[in-house]
There are 2 protein chains.
Amino acid sequence: KPQNERQRLPVVPQGIERDEFLKALAELKEQLGQENVEINDKPLKDGWYMEHPNTHDMMTILDEEEFVASAIVYPGSTEEVQQIVLWANKYRIPIFPISMGRNLGYGGAAPRVRGSVTIDLGKRMNKILDINAEDYTCLVEPGVSFYALYEAIKERGLEDHMWIDTPDLGGGSIIGNTVDRGVGYTPYGDHWACHSGLEVVLPTGEVIRTGMGALPGNNTWQAFPYGFGPFSDGIFSQSNFGIVTKMGMTLMPNPGGHEAFMYTFPKEEDLAPLIDIIRPLRISNILENVAQLRHVTQALAARGRPRTEFYSGSGPMPSEAVHAAAAKTPVGDHAWAYYGMSYGPPQVRAHKLALVDAAFRRIPGARRIDPSTLPADEYFWARDRVARGVPDIHELRWVNWQPNGAHIAFSPVSPIRGADAARLFALGKEAHERYGIDFFPAFCVGLREMHLIVEIVFDRADAGQRKAALACLRDMVDEAAKLGYGEYRTHLVLMDQVAGTYNWNDGALMKFNERLKDALDPQGILAPGRCGIWPKRYRGRGWEM
Amino acid sequence: KPQNERQRLPVVPQGIERDEFLKALAELKEQLGQENVEINDKPLKDGWYMEHPNTHDMMTILDEEEFVASAIVYPGSTEEVQQIVLWANKYRIPIFPISMGRNLGYGGAAPRVRGSVTIDLGKRMNKILDINAEDYTCLVEPGVSFYALYEAIKERGLEDHMWIDTPDLGGGSIIGNTVDRGVGYTPYGDHWACHSGLEVVLPTGEVIRTGMGALPGNNTWQAFPYGFGPFSDGIFSQSNFGIVTKMGMTLMPNPGGHEAFMYTFPKEEDLAPLIDIIRPLRISNILENVAQLRHVTQALAARGRPRTEFYSGSGPMPSEAVHAAAAKTPVGDHAWAYYGMSYGPPQVRAHKLALVDAAFRRIPGARRIDPSTLPADEYFWARDRVARGVPDIHELRWVNWQPNGAHIAFSPVSPIRGADAARLFALGKEAHERYGIDFFPAFCVGLREMHLIVEIVFDRADAGQRKAALACLRDMVDEAAKLGYGEYRTHLVLMDQVAGTYNWNDGALMKFNERLKDALDPQGILAPGRCGIWPKRYRGRGWEM
Ligand SMILES: Cc1cc2nc3c(=O)[nH]c(=O)nc-3n(C[C@H](O)[C@H](O)[C@H](O)COP(=O)(O)OP(=O)(O)OC[C@H]3O[C@@H](n4cnc5c(N)ncnc54)[C@H](O)[C@@H]3O)c2cc1C
Ligand SMILES: Cc1cc2nc3c(=O)[nH]c(=O)nc-3n(C[C@H](O)[C@H](O)[C@H](O)COP(=O)(O)OP(=O)(O)OC[C@H]3O[C@@H](n4cnc5c(N)ncnc54)[C@H](O)[C@@H]3O)c2cc1C
């Protein structure tokens, strides 16, 4: 994609004149140092995953100048975050914190409100404050990525002692991913459930520590999440109630062995019975990690080749073409592929794998893929790494499916039930056909629920494709809500819509969230609109999209 | 203990004249029905565990008329709870919700503020709204006890399919125990972590559903706890921010086998090395449940006989006397007993039990007790039941140690480390010696932390014993805090003191809690003072104790 001249300069936060804004920035520069405050007036460089921008969403779904920051600031400490917050209150300037800004598929580094001042926490606040090999915990700042933690554990010679849990891509921030309630693929995959202890700067500038962190001199901040009294951590996830400056995370003891496995299933209709087979195995922890059931189209895309290598027509790639191409891959043709990992010593694994094998083979045509037949750069090995906590970026490959590949996610939650899977699959497939888009469904099976993750890959330089992708998403969100399914997380552009589907009892939960927002952030400066929560000053003024 | 005449009648909520209060009650009677509003002016009947009072704390640590309700109301539905809340706001009457009121050791059924109107939710709101055998979940009202859920599962023939998790005593409310962040003894022992979805009446009368419950027509309220946006459940635990009227709970699949085991260790000094042995086994889930390491004095008391049968002197029972008595029991003499359970089919258990055995035998004199040598009413079998989710009340027996036996708990959290265990043990022992009280320590080992549970058993008819127990507790709370240990939960009488120990950064967390309290409960009617949180109207007016 060509790098465009900026079209809509200057970017100034809403509600403040340009001159006053520049004066305010000058004041902030004095506090933080010149080099730690940058105005966003240069061309928007998309870069790539490892060199991502912090000025905007590099995978933009709207016009690229829509979700952009007016300036970026780089605090070096919790105290500096407090200073920024007080500054924002003084001038009523919207601020938007990011840890690393790799929230791709959900808005990247971009703020929800155009012209917000982005607080890039991770650039300077990137220390691993503690790794505790006895308690299997760590304490990190926002700039610590899954890669960085993994490397630090290796450096200390602890990689055989304890594992981290990483999402598909290892370049994200542990804090950023966790506060957005992201997931990984070891038994510690529910990052939110695995964290212990937060340090939070409130929108009015005070700093609190949650859990045992509130007890001076404690040695349990990372060992016991709850502390005494209300357990408030949850309200700092998927919200705009505070800025997390430190977080404790638990680490997984080496389980004493592991073994990745893969099965394929021949027909699309195998989905429903397969999901019903998976449910009891998953809830009983015979299947121990968030495992993925992927559709063949995405498996094909995960090879990292552009779609045009397989098919040159327009509209969704026909099923026959997909299967023909899949048949030529090392895994062979299939409709669904299940990627799993078994943990523990050989005799314990053998017990579990035998149960899984007997159950999966009830699907006619089920095949267990022998890993030794797969070349080293097969996607299977990326899953093998991720499911044992080794950060990776292989997953990025399917973004190449389109030129200027970008993507955006639809991720509804359902029970682990065949009927629900079939219903969501049909809903997604129809919507994609309606808009002529290839359909990449993957079911991520949690403990009692699954997320269907549908990634729409589009050419971000093509306004038509962007529009189609967004329309397709909006349809799916509404249609899913009608059937009782809601998203677990969403992109900036869909936040109002998704929040609007959680409207039981006349929107009681959102009214409650707004009450908290107004109490904690009376000036409405922190990430207005994030997750659909608008502060008082913005409500009813048409900010929703 | 004799039943006394009431000394301090009438009991009227603070800030309202008696006549107006009676008028207000009459108004409430019209809404809820005469029979559902009771004034508390009759003698205070302590009853016993299974017939406990809802008017006061049956195990009172202060004068029995201190923590008493002015009236009790029995809502029959969420709408009636809303009506009560609106009524309380109208007259500014403090209300105090209990689910069943069996919070013994932490205040029983009593309100924190004398003269509050107690909302006994459980009496009429006691339905199991759903048991889902596919998802392994249930949805319950406040009056559903662990016993009741267990019986319902049996009635449906599901007892071989799924387990509940129960605390030591099965008569408590699933909701009451969980919102106070109680624990049980299967792998699902962290009740808070295992719940999914709340319905909450806010202090201003609105009703919200959290998680997926906010999405109309959803089928995932009990399957996925988080929903979209801020995850607010936590602020309704150990707080006074809302009244929980429904809660989802996850249930454990039958693990395919189980085997209770017990080890004893001869010396008090074995504690520290033993805890260090336990830590990696527990974090790796080789030891799979919240397991208990109990001191011999409590083991002796757990036989259910009064202390006078073993020793007639005053002051703490001497160590020699304890050991002499223990030597005559089926388990034999010891200093510490470890109660554990291994789950799964035989070959999987064998793997884990072999690791445990090798590790525990590193303590000289460690003995594995052969369960077949233990009679049917041994405490071991109560632990066996509880650790496989069968509700029980054997645990009550040690309350008989003193006549008119009552008890109150000190429960600080520490890492699973020998040095911490030894420090807390010494602290507790010294304090007990100072006050001439028998010391009953039990370490409950969670995943990365342990709670030391010290139960002080006292004669509640003896003002001197009550005073000594309380003074001993207050000393322990302060001394523990100085060393960095804080309580995970506490009795009404200690709430201010314990909350005061969580005072990092000039009490920032409490100021934050107060901010939430004032936003959610501007009139300050809901459970003022619970967990140390006082609404604005009460602050700085000497309500703390
Ligand atoms: C190919 C591909 C695969 C992916 N797979 C996964 C996956 O398996 N699992 C998964 O979870 N995600 C996945 N993602 C999404 C995303 O890449 C990750 O979740 C990533 O970790 C998020 O970016 P980040 O960690 O840099 O967070 P950030 O972008 O720093 O943070 C995310 C958001 O959280 C908020 N936030 C961040 N830090 C703070 C803070 N300190 N205080 C308050 N609020 C804050 C901000 O609103 C921010 O926008 C995938 C993306 C792609 C492109
Ligand atoms: C011998 C003995 C052993 C024990 N062992 C254990 C143990 O192993 N584990 C353990 O956790 N506890 C234990 N306890 C403590 C106690 O008995 C249990 O926790 C019991 O379940 C709590 O009583 P309850 O369930 O009736 O709750 P309730 O008394 O109904 O509730 C407890 C408190 O929570 C609040 N609350 C209750 N319901 C609501 C609601 N719906 N909305 C808002 N707030 C509410 C109220 O402030 C109430 O006072 C033990 C006690 C004894 C005497």
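Six salt bridges are counted between chain B and chain A in this predicted model. One salt bridge in the structure brings together the side chains of B:Glu206 and A:Arg515, at 3.4 Å from N to O. Taken over all chains, the structure holds 76 salt bridges. Another of the pairs sits inside chain A, where the side chains of A:Arg539 and A:Glu514 meet at 3.6 Å, again counted from N to O. That pair ties together distant parts of the chain, since A:Glu514 lies in helix α14 of chain A while A:Arg539 belongs to the segment after α14 (504-520), 25 residues apart.

Back at the meeting of the two chains, 89 residues of chain B are in contact with 89 residues of chain A. Between them the chains bury about 7,300 Å², and 62% of that area is on carbon and sulfur atoms. Which three residues of chain B supply more of its buried area than any other three? They are B:Phe228, B:Arg448 and B:Trp504, which together give 13% of the area that chain B buries against chain A.

Next come the helix pairs. Two packed helices are described by the angle between their axes and the distance between the axes. In chain A, helix α1 (residues 18-32) packs with helix α2 (residues 78-91) at an angle of about 160°, and the two axes are 11 Å apart. An angle over 145 degrees counts as roughly antiparallel, so α1(A) and α2(A) are roughly antiparallel to each other. The crossing of α1(A) past α2(A) is right-handed. On the α1(A) side, the residues in the contact are A:Glu20, A:Ala24, A:Leu25, A:Glu27, A:Leu28, A:Gln31 and A:Leu32. They meet A:Glu80, A:Gln83, A:Ile84, A:Trp87, A:Lys90 and A:Tyr91 of α2(A). Sorted by class, the contact of α1(A) with α2(A) comes to seven nonpolar, two polar and four charged residues.

Chain A has another helix pair to look at, formed by α6 (residues 271-283) and α11 (residues 418-435). Here the packing angle is about 140° and the axes are 7 Å apart. Roughly antiparallel takes an angle over 145 degrees, and at its own angle α6(A) is therefore oblique to α11(A). The crossing of α6(A) past α11(A) is right-handed. From α6(A), the contact draws on A:Leu271, A:Ala272, A:Ile275 and A:Asp276, and from α11(A) on A:Gly418, A:Ala421, A:Ala422 and A:Phe425. Six of the residues in this contact of α6(A) with α11(A) are nonpolar, one is polar and one is charged.

In chain B, helix α6 (residues 271-283) packs with helix α9 (residues 346-360) at an angle of about 160°, with 10 Å between the axes. That angle makes α6(B) roughly antiparallel to α9(B). The crossing of α6(B) and α9(B) is right-handed. What do the residues of this contact look like by class? The contact of α6(B) with α9(B) has seven nonpolar residues, with no polar and no charged ones. On α6(B) they are B:Leu274, B:Ile277, B:Ile278 and B:Leu281, and on α9(B) they are B:Val356, B:Ala359 and B:Phe360.

A few spots in the backbone deserve a look too. Most residues other than glycine have a negative phi, and most peptide bonds are trans. In chain A, however, a cis peptide bond joins A:Leu9 and A:Pro10, with omega at about -10°. A:Pro10 is in the segment before α1 of chain A. Chain B has a cis peptide bond between B:Leu9 and B:Pro10, where omega is about -10°. B:Pro10 is placed in the segment before α1 (18-32) of chain B. A:Arg92, though not a glycine, has a positive phi of about 50°. A:Arg92 is found in the loop between α2 and β3 (95-98) of chain A.

How values were computed: Residues are numbered from 1 along each chain as its sequence is written. Chains are lettered from A and ligands numbered from 1 in the order in which they are written. This is a predicted model: local features need pLDDT of at least 70, side-chain atom pairs count only at pLDDT 80 or more; totals for chains, interfaces and linings use all residues. Side-chain values use heavy atoms; hydrogens and water are left out. Axes are lines fitted to C-alpha atoms, for helices over the stretch in contact, and angles run from 0 to 180 degrees between N-to-C directions. Helices (H or I, at least four residues) and strands (E, at least two) are DSSP runs, numbered from the N terminus. Angles under 35 degrees count as roughly parallel, over 145 as roughly antiparallel, 65 to 115 as roughly perpendicular and the rest as oblique. A crossing is left-handed if the near helix is turned anticlockwise from the far one by less than a right angle, and right-handed if clockwise. Contact means heavy atoms within 4.5 Å. Ala, Val, Leu, Ile, Met, Phe, Trp, Tyr, Cys and Pro count as nonpolar, Asp, Glu, Lys and Arg as charged, and the others, Gly among them, as polar. Buried area is the accessible area (1.4 Å probe) that two parts lose on being put together, summed over both. A salt bridge is a side-chain nitrogen of Lys or Arg within 4 Å of a carboxyl oxygen of Asp or Glu.
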